[in-house]
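Subject: A structure for you to look at

Dear colleague,

I am passing on the structure below, together with some notes on what I found in it. Please keep it open while you read, so that you can look up each place as it is named.

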Amino acid sequence: MTAADTQAAGPPVPAPRDPQVPATSLSPESEGRPPKQRRQRKKGELLPYFLILPAIVAIAAVYLYPLSKTVIMSFQDMGRRELWTGDAAPWVGLEQFTNILGDPEFWWVTLRTVVFMAVCVTLTMGLGLLISLLMRRLSTWVRLTLTVALIAAWSMPLMVASSIFRFMADSDYGLINTLIAKVVGEEWLGHNWYLDPIQGFSIITLLVVWGAIPFVVVTLYAALTQVPKELEEAASLDGASGYGVYKYVTWPVIKPVFTMVATLSVIWDFNVFGQIWLLRGNKPEPEYETLGLYSYSKAFTSTSFSQGTAIALITVLLLSGVAVYYLRQLMKTGEVE
């Protein structure tokens, strides 16, 4: 074979590139692809955004408009006259917020709301976790029966559940007083739970926890089913106790779900309104007011609508940090891209 044959058998020499054509325009993906096909691909990438556009518009119409009106009203002084006549309310700037933040009653209501929320969340998450762990050890038909009962309790309307708990705590014919009287004596009959706010909030807490536990149990049990049994068995064979298996194997798997459910419970229990409103006969006393009821009382009882909206806006700002934390947890678990 001559040198000329060797040169002919070698790899083809690429054609010189036009210096006027940029290198990026000749990428392997776009090279050889018609311009029409590239344009169609760009249009296809926008399709998901067009599909969710109606939902975004609906959410904006339902939430953004009332929120904007709330913000505007909080900087005004709207009373009954402006509401009925339609006259423009005078602007007062930050006066509503200054009056609220300078009122000691607001801080007492805020403290009451935080304590009530903390107790409800602690009981809900603790009992929910224990019941979900118990469900792993139950037989199939018992677990199925318990799940049906939880879903039935979860689906019960709030008004019906509140009526049941109000009857159970009735001073004359309530089941709670009847059961306690069998232990401590007949003098407990006729006891009014709502004369003492602490005792009254204990009944309200039972109602809130009872309504929230089904969601927590079902969600945490679903997370527990994702724990590999092989790892738990291996930890047990290595000498780990039941608590050790839970701490080092089970808990790391369910921790993200537990954190998200606890965050949701904080938001829900911070905004409890209907349970207190219904148990107190649509006329809750001042010592039973949380931030939601306090805002309602200022707006409709005192007819200071701007002050009520300002309190509601402060509540939203207090919960915004919790909402941001919840979104961060969703991103960490990969549910939000």
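E232 is buried in this predicted model, since its relative accessible area is 13% and the word buried is used for values under 20%. The side chain of E232 takes part in a salt bridge with R136, in which the N to O distance is 3.1 Å.

How many salt bridges does the structure hold? It holds 2, and the other pairing to look up is that of R280 with E285, whose closest N and O atoms are 2.7 Å apart. Here R280 is buried, with a relative accessible area of 16%, while E285, at 25%, counts as partly exposed.

In the overall view, the chain contains 15 helices and 0 strands. Of its 337 residues, 33% are buried. If you take the contacts between residues at least 6 apart in sequence, 64% of them join residues at least 24 apart.

Helix α11 covers residues 229-237 and helix α12 covers residues 242-270, and the two pack at an angle of about 150° with their axes 10 Å apart. Angles over 145 degrees count as roughly antiparallel, and α11 and α12 are therefore roughly antiparallel to each other. Their crossing is right-handed.

The crossing of α10 and α12 is right-handed. From α10 the contact involves V208, F215, V216, T219, L220, A223 and L224, which meet T250, I254, V257, F258, V261, L264, S265, W268 and D269 of α12. These residues divide into 12 nonpolar, 3 polar and 1 charged.

Which residues of α6 meet α12? They are T113, V114, F116, M117, C120, V121, M125, L129 and L133, and on the α12 side they meet Y246, I254, F258, V261, A262, S265, V266, D269 and F270. The axes of α6 and α12 come within 10 Å and cross at roughly 145°, and this crossing is right-handed. The contact of α6 with α12 has 15 nonpolar, 2 polar and 1 charged residues.

Y246 lies in helix α12, and, leaving aside its neighbours within four places in sequence, Y246 is in contact with L129, L133, W251, P252 and I254. Although Y246 and L133 are 113 residues apart along the chain, their C-alpha atoms are separated by 10.0 Å.

Is Q275 buried or exposed? Q275, which is found in helix α13, counts as buried at 16% relative accessibility. Not counting residues up to four places away in sequence, Q275 touches L158, S162, I204, L207 and V208, and V208 is also one of the α10 residues that meet α12. Between Q275 and T205, which are 70 residues apart in sequence, the C-alpha to C-alpha distance is 9.0 Å.

Finally, please look at N282, which has a positive phi of about 65° although it is not a glycine. N282 is found in the loop between α13 (274-279) and α14 (291-301), and at 41% relative accessibility N282 counts as partly exposed.

Conventions. Residues numbered from 1 in each chain as written. Predicted model: local features only at pLDDT ≥ 70, side-chain atom pairs only at ≥ 80, totals over all residues. Heavy atoms only, no water. Axes fitted to C-alpha atoms, helices over the stretch in contact; angles between N-to-C directions. Helix = DSSP H or I, 4+ residues; strand = E, 2+ residues; numbered from the N terminus. Parallel < 35°, antiparallel > 145°, perpendicular 65-115°, else oblique. Left-handed = near helix turned anticlockwise from the far one by under 90°. Salt bridge = Lys/Arg side-chain N within 4 Å of Asp/Glu carboxyl O. Buried < 20%, exposed > 50% of the residue type's maximum accessible area, 1.4 Å probe, protein only. Contact = heavy atoms within 4.5 Å. Nonpolar A, V, L, I, M, F, W, Y, C, P; charged D, E, K, R; others polar.
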